[in-house]
Amino acid sequence: MNIAKVGFVSLGCPKATVDSEHILTRLRAEGYLISASYQDSDLVVVNTCGFIDSAVAESLDAIGEALAENGRVIVTGCLGAKGDVVREAHPKVLAVTGPHATDEVMEAVHQHLPKPHDPYTDLVPPQGIRLTPRHYAYLKISEGCNHRCTFCIIPSMRGDLVSRPVGDVMTEAENLVKSGVKELLVISQDTSAYGVDVKYRTGFWGGKPLRTRMTELAEALGSLGVWVRLHYVYPYPHVDEVIPLMADGKILPYLDIPFQHANQRILKLMKRPGNSENVLARIRRWREICPELTLRSTFIVGFPGETEAEFQELLDFLQEAELDRVGAFAYSPVEGALANELPDHIPPDVQEERLDRLMLLQEKISEEKLKRKVGKTMTVLVDEVTDEGAVARSHADAPEIDGLVFIDQGTHLKVGDRVEVVITDSDTHDLWGDLVSES
Ligand code: SF4
């Protein structure tokens with residue numbers, strides 16, 4: 001019997017990866033095979049990203065390559081939501097859907113490649129098909145966003161916030177843990193808004209009531225016995241509630257909280273909350289409650305109208321806040337974003353110069369902070385084992401975006417092991433450690 005084979009190209013952010021996993025899971029559940037080559041596939045699904053211009057170009061290239069190599073292509077993802085961009089560049093694609101559209105993608109697949117007859121040939125594990133390594137997994141809790149930050153077009157592509165039912169999220173998390181996952185990375189566009197759209201409705205998990213709300217969800221996830229890491233936490237006041245859970249060891253003492261800027265006028269232009277003094281006071285309070293807390297944030301440099309003095313305020317804030325991890329980007333206009341209409345766009349050379357200054361400052365802060373960890377004992381999770389040793393991460397490091405902990409004598413360890421190390425050395429982003437004990 002010839003089983004229908006689908007090729008899959010997955011681009012974009014972790015949220016897009018989760019969409020890909022849902023589509024792949026449905027494909028396998030219905031008996032399709034997933035093929036690793038264009039030539040061997042009966043059609044190809046390309047999950048695209050449309051966030052910034054370079055991502056649009058990469059997505060259009062990927063569609064072009066799939067068309068050239070295979071010819072039968074279904075496009076999904078953020079770029080698909082951007083009007084006619086895909087069809088104008090590639091009129092021969094079979095279908096185009098937006099992000100978070102598993103049903104529409106499956107409809108298009110059924111139309112162009114009939115369902116295989118025997119859905120029992122390949123049973124799908126309950127945790128679904130995942131694209132991340134076995135020991136960590138992204139857990140998407142909602143889709144869309146109710147904010148309208150002026151530099152962002154995600155709400156126009158993905159719509160307003162829609163929270164997944166808390167029982168479904170918990171069941172998925174449990175299945176992931178049963179399948180061997182040691183770390184759950186909670187993602188969404190706006191994690192702290194979880195449940196706002198359903199008025200924090202009470203759902204059920206394991207027969208017990210559970211509110212659709214970040215704090216309650218974090219506490220329930222913390223009971224599963226694995227690392228739980230919160231990403232994309234918008235700085236609402238109620239974020240303060242999760243800090244005690246971190247101090248009690250229920251979830252990782254790690255907060256990925258994009259502040260974007262420190263100057264109030266720029267924040268207002270961005271339609272973001274907060275001012276730097278309040279934020280600094282909050283950070284101080286968080287650290288008093290949970291001294292181990294790692295803070296990751298992102299900032300936009302050279303936003304339209306940003307003066308040298310306003311940029312300096314951002315540098316002063318960083319100096320004072322001593323954040324552990326910082327991602328910074330020079331502002332770039334995204335088609336359709338309101339900020340494009342603002343006056344006084346900053347010339348690219350000034351933006352780059354400011355970005356360099358910010359990164360240099362942050363590197364010094366990071367180096368200094370990591371140096372203070374030398375001599376300390378910490379638990380790390382092994383990501384990779386080579387002939388030379390093991391590569392791991394501590395609670396302070398999210399996969400792919402933060403630092404690493406290298407263990408020279410770790411060649412006998414296994415991926416997913418949790419071990420204790422004493423830190424022996426550090427540089428700007430990473431640490432080195434010696435094994436203490438294994439658990
Ligand atoms: S909160 Fe995030 S996703 Fe929502 S509009 Fe702002 S930047 Fe975009």
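**A pocket and a helix pair**

Tutor: The second largest pocket holds about 590 Å³ of space, a volume being the space filled by probe spheres set on grid points joined across faces, edges and corners. This is a predicted model, in which local features need pLDDT of at least 70, side-chain atom pairs count only at pLDDT 80 or more, and totals for chains, interfaces and linings use all residues. Residues are numbered from 1 along each chain as its sequence is written, and side-chain values use heavy atoms, with hydrogens and water left out.

Student: What makes a residue part of the lining, and which residues are the closest to the centre of the second largest pocket?

Tutor: A pocket is an open set of points on a 1 Å grid over the protein atoms alone, where a 1.4 Å probe fits, with protein on both sides within 12 Å along at least five of seven lines; a lining residue has an atom within 4 Å of a point. Of the 26 lining residues, Pro 291, Glu 292, Leu 293, Thr 294 and His 395 are the closest to the centre.

Student: Which strand gives the largest share of that lining?

Tutor: Strand S16 does, with three residues; strands (E, at least two residues) are DSSP runs numbered from the N terminus.

Student: Why are H11 and H12 called roughly parallel?

Tutor: The axes of H11 (residues 308-321) and H12 (residues 348-371) cross at roughly 10° and come within 10 Å. Angles under 35 degrees count as roughly parallel, and H11 and H12 are therefore roughly parallel to each other.

Notes
Axes are lines fitted to C-alpha atoms, for helices over the stretch in contact, and angles run from 0 to 180 degrees between N-to-C directions. Helices (H or I, at least four residues) and strands (E, at least two) are DSSP runs, numbered from the N terminus. Angles under 35 degrees count as roughly parallel, over 145 as roughly antiparallel, 65 to 115 as roughly perpendicular and the rest as oblique.
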